Amino acid sequence: MVISPSALGWTILLSPLAAACGIQLFGVHRRRLSATLAIGALLVSFASTLLWYTFSSIVTWAVPNPFQLPFEASLSWISLPGLTISFGVLIDQLSLLMALVVTGVGSAIFIYSTAYMADDDAYSRYFGVLSLFAFSMLTIVLATNWIQLFMGWELVGFSSYLLIGHWYAKPSAAEAGKKAFMVNRVADFGFMLGILALWAVLPVDRTFHFQTLEKQLPLLIQTGVVSVAVLPLIGLLLFCGPIGKSAQFPLHVWLPDAMEGPTPVSALIHAATMVAAGVYMLCRTFWLFEIVPSVLTTITWVGAATAFLAACLALVEFDLKRILAYSTLSQLGYMVMALGLGGAVAGMYHLTTHAFFKALLFLAAGSVIHGTHEQDIRKLGGLWHSMRWTSLAFLVGGLALCGFPGLSGFFSKDEILVLAYGHNAPAFWLALVTAGMTAFYTARAWFIAFTGKAHGHGHESPPAMLIPLGVLAFLSIIAGYIGIPHFLGQHGEHHAAWLVPGLSIAVVAVGLLLAWLIYSRGTVSAQQLVQALALPYSFLQRRYYIDEIYMWYVETVQQRWIAGACAWVERVIIIGFLVNGTARLTRRAGHILRLWQTGRVQTYVLGFLLGIVSLLTLALRR
Amino acid sequence: MTIPLPWLSVELFACAWILVLLAADLLLPEARKASLWLWTLAGLGICAILLAGQAIAGGHHLIQQMFLVDPFSRFFKALFLGTAAVVVVMTRPFGRHLAGRLGAFYLLLFTAVLGMLVLASVHDLLMLFLGLELLTFSLYIMAAYLRTEARSIEAGMKYLILGSLSSGFLVYGMALLYGFAGSTHFEAIRHAFEVGPVPPIAVAGLLLVMAGLGFKIAAVPFHLWVPDVYEGAPTPVVALLSVGSKTAGVVALTRLLFGAAPTMAGLWTNVLAGLSAATMLYGNLGAIPQTNIKRLLGYSSIGHAGYLLMGLSAGSQSGVEAVSFYLVAYFVSNLAVFLAVTWAGEQLGSDELEQYNGLSKRSPFLAAALFIGFLSLAGVPPLAGFVGKLFVMLRAVESGRLWLVAIGAVNVAISLYYYLMVIKRMYLDAPPTSTTFRLDRLATVTLSLLLLGVLWLGIVQEPLVRQILVSVRP
């Protein structure tokens, strides 16, 4: 049997969509069917991606390998003169790696969900939307052009909204879904303007197509057809997309609230895949950002600031999932910073390892919540004794997150630190301090919730939850050794001095030690520490007051003033005068026309004759 | 003279099948006559196969150049066969009203199909008249087919009287054109127009023929029959009138104008543009106060005739392409609506809009089908009707008639109003009774396919556009 590369590529993209449609059409009241469809389809996607990977790495001597990277298959979707938009799959090292992460980690999380959501009434809806999400995410990953990417981008936002608000009867969940959607809309508006602006500055044969743009743009700039002066603006507008989707400061506010969704959703969407879409987009279109250093500098600082500020917030948080959410923000900051420093490979590397260990941490947290119905770490404790496997998984994930030597997080974070060390010293020190804080807050959560005195007693979760944990833990350990940077095309060993890894190990050790002293040994009282640092502590507790500022803006400026004025214009002028006025006029006209329709044939004949007479008169009048 | 069989095989087979249906109607025992619809479908299917067998490029002139078989005619013949097939599906729930005379009904349907097939290939005034009358005569009888219902008789009579009047003008116009060119053949008439001089009497002839065809496609001011006939005639017949007959009229008009009078484009594009504006406005405004769904659809079909004329008024090949797309979009959307209305009419016992209150609770599928069909007719993206309107308006922009496009855009809004009023009834108002009903399997499948077509054409236009380009390009 011959497998065609394009059929395999389309299978990766379309099988979750088929599952989503199937569940909506046939599975609404059939729980098992929907779970089976969703998991089966994603596994098919995963297998297809693996096959693609395998075939592409086979070296054939006699004939050219049809699975040659990069590969593109696309359908023309809209073709008007001067505007062609296609829809397709673009498979290269980058998208292959990302698709492996999305479908692989996704499959683990889908399977985990069957147990975690077992008692949920809207089980089928959950799996339907989850499949839709997988399709949307793969649309971004395999996109061949800006428009397809943007479509996937919006679909991801939409399915994320549905999943965060899955328990919509709970007001906080409904609010969180709304907030995530709206914050993302703000960012996406800039993103869309960026896409359109890039299109507009191109000369006659405009295109949205990535591969064409990648080839043409440098030429166009060299020949002066596209002026360099507009590129920074376009770059910044495009960067708005990742600021929203990857939750960078100052639009990070939706991500902690998104923890209202079911925990597997937090693992899949708000840790491993969707929030990584921003980083992925930057990598996919790095050829554009590469040529505007000023934008790269901005990106670096946004990333570094996010990494640092989010880590600070994690220090004072007591909700287990929110701690992980802040750490996600912080790690995303690292990735964005890597991109800003010109290290697309380092960014993707960290994205991949992060996807593994963060999904692991979230799923472990989910297992804790499943077993104890509690997610405030102050009310947890001694889980090590009651939930051994879950604790072990959390430990592996936590150590990988800290950058403990030998685990995957260590290698990928190290790449970024080395990069920063070479290019931007202030950002390097900021990142280094952040690494220490990461170790501290992770250890803090560990010592409070997992060791120490037990409150109540949890029970270990079922195998359907523990097996995905095991798989992800395995991946978190080995991901540093399987040559991901090499696959992405980074050649030559980086020979940084021992200085950087040494420093990073040292700060991690300091962080761990401090946490141990405070939260395990009690040598330093946490209470006293809080009192001593009351002012910064409360500042962090209120999350820099950013939510309050947004709230004030939305409620006062937007709702009261702008919306009030708009409402007046709409009610009085548009509805009162224009809409109702025209409607009245139209209806009147309709009733007048009715008079012609007497039902008498004589009238109709007369009308016919009058019509012909007037036609002839008009046409023959000279 | 020898008749080259393959190029006429579809029409010849249709003639033969009419005889088969006649024989079957006479010979089959009464109890077995219910299966006649299958015979009809089979006939249409074989016609389609024969049509597909004529995979040809270029034109073939037959029967002393009067008959032109080319990709353009093939494209529309396929559309006519499709229309007839859906109409056959519609007669299934309707059949009990036709009890005892079902055989003749299918026979007439087939003669109407034959008329449309001929119209798609006309290249001569005589052939045009022949095809048109074959179609119209069948429709006269079919419109009056419910003998016990006064409304149906009235519809048939009105259609007959006004149809005869328009045929009179048509023949008069043909006579004038013959007097001018000395031949009824399109090529000869074109030649005469090209050489000139063109006397006013020839122009009058052309206009009269256009008026006769304008009657078929329900263009203002030759449209007055539409609401009454639509209201009274059996619903499947109305569907045939509204989709088949209108499409045939547009096809014949295109053949005539582009085949016989391309040099007069300066005149007829302006005439068509004027008629288009009046037709759109009349149809859509007139639909607003209606309380009967079939009457409403009558007005709406007048409105659509306006858009079709807008496309033709561009006077260009690309305009014809846009119209072709519009006709396919109209075919799927309008037939979906009519199929739903036929079923609703049977189940609700009436075509009054009041009966549609709360339909979504009584038959969710039917309400959803009407919902999608109406939105497509109104031109809401991403449905087929939207793309059709977009293409037609783009051509009108190219031809420089921005005022016409503006009127077209305003009419989209007006049409949305009355379509949404029906949708509001179906979804928001309380149903008169809570009894529910379902469609049979055949209707469900057909309706689903049509709706799928509506969605598909709204999202993916490429294959159909390519097909049209192949068919319409000379």
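This is a predicted model: local features need pLDDT of at least 70, side-chain atom pairs count only at pLDDT 80 or more; totals for chains, interfaces and linings use all residues.
Residues are numbered from 1 along each chain as its sequence is written, and chains are lettered from A and ligands numbered from 1 in the order in which they are written.

Chain A contains 26 helices and two strands; helices (H or I, at least four residues) and strands (E, at least two) are DSSP runs numbered from the N terminus. The radius of gyration of chain A, 28 Å, is close to the 25 Å given by the globule rule for 622 residues, so chain A is as compact as a globular protein of that length. This radius is taken over C-alpha atoms, and the globule rule is 2.2 Å times the number of residues to the power 0.38. Along the principal axes, the C-alpha atoms of chain A fill a box of roughly 105 × 60 × 55 Å. Of the 622 residues in chain A, 49% are buried. A residue is termed buried if 20 or more other C-beta atoms lie within 10 Å of its own, exposed if 12 or fewer do, and partly exposed in between, with C-beta atoms placed from the backbone.

Chain B has 19 helices and two strands. With a radius of gyration of 21 Å, close to the 23 Å that the globule rule gives for 474 residues, chain B is also as compact as a globular protein of its length. Its C-alpha trace spans about 70 × 55 × 40 Å along the principal axes. In chain B, 59% of the 474 residues count as buried, and 81% of the contacts between residues at least 6 apart in sequence join residues at least 24 apart.

The largest nonpolar core comprises 195 residues. Such a core is a set of buried Ala, Val, Leu, Ile, Met, Phe, Trp, Tyr and Cys residues joined through C-beta atoms within 7 Å. The residues with the most contacts inside this core are A:Ala38, A:Met337, A:Ala359, A:Leu360 and A:Ala431. Helix H15 of chain A (residues 344-372) supplies the largest share of the core, 17 residues. A second, separate core of 191 residues includes B:Leu108, B:Leu275, B:Ala287 and B:Ala443. Elsewhere in chain A, all ten residues of helix H10 (residues 263-272) are buried, so this helix is largely enclosed by the rest of the structure.

Between the chains, 24 residues of chain A are in contact with 25 residues of chain B. On the side of chain A that touches chain B, strand S1 (71-80), helix H25 (546-594) and helix H26 (601-620) each supply at least two residues. The largest share, twelve residues, comes from H26(A). This side of chain A consists of 13 nonpolar, nine polar and two charged residues. In this classification, Ala, Val, Leu, Ile, Met, Phe, Trp, Tyr, Cys and Pro count as nonpolar, Asp, Glu, Lys and Arg as charged, and the others, Gly among them, as polar.

Within chain B, the axes of helix H15 (residues 364-378) and helix H17 (residues 402-428) come within 9 Å and cross at roughly 170°. Axes are lines fitted to C-alpha atoms, for helices over the stretch in contact, and angles run from 0 to 180 degrees between N-to-C directions. H15(B) and H17(B) are therefore roughly antiparallel, a term for angles over 145 degrees, whereas those under 35 count as roughly parallel, 65 to 115 as roughly perpendicular and the rest as oblique. By class, their contact has 13 nonpolar, one polar and no charged residues.

In chain A, a cis peptide bond with omega about 0° joins A:Phe249 and A:Pro250, and A:Pro250 lies in the loop between helix H8 (231-245) and helix H9 (254-257). A:Ala247, in the loop between H8 and H9 of chain A, has a positive phi near 55° and is buried, with 29 other C-beta atoms within 10 Å. In chain B, the peptide bond from B:Val220 to B:Pro221 is cis, with omega near 5°. B:Ala218 lies in the loop between H8 and H9 of chain B; its phi is near 65°, and B:Ala218 is buried, with 31 other C-beta atoms within 10 Å.

Key:
Two residues are in contact if their C-beta atoms, placed from the backbone, lie within 7 Å.
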